[in-house]
Amino acid sequence: MLLVMGKGGVGKTTIAASLAALEAETRGEAIFVEFGDGESGRRALAGAQRNVKHVVIRPADALQRAATPLFGSTTMARLVLGNFAMKPLLRAAPAIRELSMLEVVRQIAADRPGVRVVVDMPATGHSVAWLRVPKQGRDFLGAGPLFELCDRIGRELVAPGKASILVVTLPERLVIEETLELCAAVVRETGLAVDRIIVNRVPVSMPREALDDARALAEGGGPLAAAAGELAAVLAARAALSAEGVASLEALARHDHGIWRVPLAPVDPSAKDVARWLRAEGAG
Amino acid sequence: MSKAASPMVVVCAGGGGVGKTTTSAALALALARKGRSTLIVTIDPARRLAGAMGVAITDEVTRVPLPAARGNLAALMPDPRRSLHTFAEQLFEDEPAAKARLLGNRLYLGLADAAAGVHELVAMNLVARAAAQGSFEVVVIDTAPSRHAIDFVTYPSRLAALLGGRTVTWLAGLAQRAALDVPSGKAPSGLLSWGTGHVEHLLARVTGPNLVSDTGALFGDLAVVRERFVDLTQHAADLLLGPRAAYALVTAPTAAGRDDVLYLAKRLEKLGRSARAVVINRADTQPAPYARALAGERGLSPAITLALTMLDEERASRASAADACAAELGKHLRGVPLVRLPYIEAIAPEAVVAALADELTSQLATLLPAVSR
């Protein structure tokens, strides 16, 4: 199982979909799991869905599916979940929803042993909280069927050798800092290791002499001086961006994480493009 | 809080990575420059922006130093990690014992990361308080980067319904019976149906006694402050759903950002509201004046020529993506004005905010709630 994590807006879903496409290419098939309405995953997979099974887990269905074995039958689960008092309680108690979604992921993996399951996890903060739920539940409950459910998820999903963690990040200093905090939290609170960090949108460098040339033109006076000055400012900002990217990658490398880089594209790259870039970095 | 003193509210919502925080800050800055007393509230504070604005991430309203501005700008960037604590304080200001119990409840602490909405609720309570005390004309709210960003406006009523409903009575009773080791199965009052006895029995069997007693204790305490809670949340709901609130949806020219905006627009419709405007970031159509001045100029160095070509290719692909995005948005959100903002070539966040504020100055009427003043 590959659990893809990262903060919102870093391109997590696209990377996860591309990894699923790569796995399908390499091993014949793969499962791509998404929480939510399925729309963003479908969009990310567009053109790369060959042999990728796209599974969308919705909270309400997950609850029912996870509760059925607990209560013995679908009917009993429906009776409890549909109870007037339980409904508002379940809506206000989010940990239960998370536990049930993890349980469904566990079931999917258990049903298809040998097939890689790529999970697009929720954005940072939430994702560590999710993975912590089984252990918290185990410690908190002590015994009983719900305890056993937590224990099973803990052993079969949130366990070394069962799941690999991939963290998606951007080549910006503060995003990298948050990413390193996330990695530390994953190790500390779930006992899992971070397998790989994927640095998305690594900026392309502008021609090296362009900044000096633009500055010289600006200082030389003449009709183009003002425009050249503005170009120099733009190129200086780009150079600073690239420098920050390089520094960020160096900071990451010091932490001994394996790194894959994906270049910055001015508009949405397709899963196929990203899969190609990831393969070039050694993925698959 | 008198009606006359209530400020206009602009809620900025959108998916992750679309530049929402920067846009919200720029809008607030543009308003302040126009002489409007403005409060910017960041639900999910970006340390980088907070630092750039010279603002700390705390529950206090902080004045933002503004050189050469007539109006005043203040910021409120509450720390999400403290929100459960703040929430307990907001609820149990006069009852320290209950507050201590709540902060010691394992279940309550377990909600810390999972309880989406509590932080927003806390933030909105702080906003309501600031609005009542200060004299802000406009409050700009930068929501969390999520499709569920505006769900928090319904969270107060959901929690209030839970606290006010039969669930709490049932849970409190359940906990008592668990503590006394009374076999469950019989409902203590006519309020609870026969079916609930069964549910209770099944639930206790599945979850074990710890969960039941902690849940009961938690809701027992919360039920006591029900009225205070409803009162607190009512102010927040008034601010967010009243006629003086407008929703600005923010996107970048990406399919993900666009779909998030369309989703949020649907959510708003369900709440009986509509989007005031959609802001598309990084959507410059024309080459910048400097690029036009240099284009085709002979005698430029090869490096400059190549750099100009690369920059223009980037701009062109951004522009065509932005055009496609705008067309799609226009098709689904008829009558909602689109505000296109350029890509700002700067790295310091304060420089980006200042440049976007310049762009927004002429568009303020499009983004503010349409109320007669």
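Modeller: Happy to! In chain A, 7 strands make up an open sheet, and their order across it is β3-β2-β4-β1-β5-β6-β7, with parallel pairing. The two edges of this sheet belong to β3 (52-57) and β7 (259-263) of chain A, each of which pairs on one side only. Between neighbouring strands of the sheet the turn is 20° on average, direction ignored. Keep in mind throughout that this is a predicted model.

Strand β6 of chain A covers residues 194-202 and is joined to β7(A) by 4 bridges, the two strands running parallel. Within this part of the sheet, A:Ile197 of chain A stands opposite A:Ile259, a residue of β7(A).

Now for the surroundings. The secondary structure of chain A amounts to 12 helices along with 7 strands. The crossing of α3(A) and α4(A) is right-handed. On the α3(A) side, the contact is built from A:Leu63, A:Gln64, A:Ala67, A:Thr68 and A:Phe71, while α4(A) brings A:Thr74, A:Met76, A:Ala77, A:Val80 and A:Leu81. Sorted by class, the residues in this contact of α3(A) with α4(A) are 7 nonpolar and 3 polar, with no charged ones.

Stepping back to the whole chain, the C-alpha atoms of chain A fill a box of roughly 85 × 40 × 35 Å along the principal axes. Chain A has 284 residues, of which 46% count as buried. If you take the contacts in chain A with a separation of 6 or more, 70% of them are between residues 24 or more positions apart.

The domain assignment of chain B splits into domain 1 (3-149 + 231-286 + 319-367) and domain 2 (161-226). Where they touch, domain 1 of chain B gives 9 residues and domain 2 of chain B gives 7 residues. On the domain 1 side, the elements that supply two or more residues are α4 (96-104) and α5 (106-114) of chain B. That side of domain 1 of chain B has 6 nonpolar, 1 polar and 2 charged residues.

Technical notes:
Residues numbered from 1 in each chain as written. Chains lettered and ligands numbered in written order. Predicted model: local features only at pLDDT ≥ 70, side-chain atom pairs only at ≥ 80, totals over all residues. Pairing = 2+ DSSP bridges. Axes fitted to C-alpha atoms, helices over the stretch in contact; angles between N-to-C directions. Buried ≥ 20, exposed ≤ 12 C-beta atoms within 10 Å, placed from the backbone. Contact = placed C-beta atoms within 7 Å. Left-handed = near helix turned anticlockwise from the far one by under 90°. Nonpolar A, V, L, I, M, F, W, Y, C, P; charged D, E, K, R; others polar. Domains from an automatic or database assignment.
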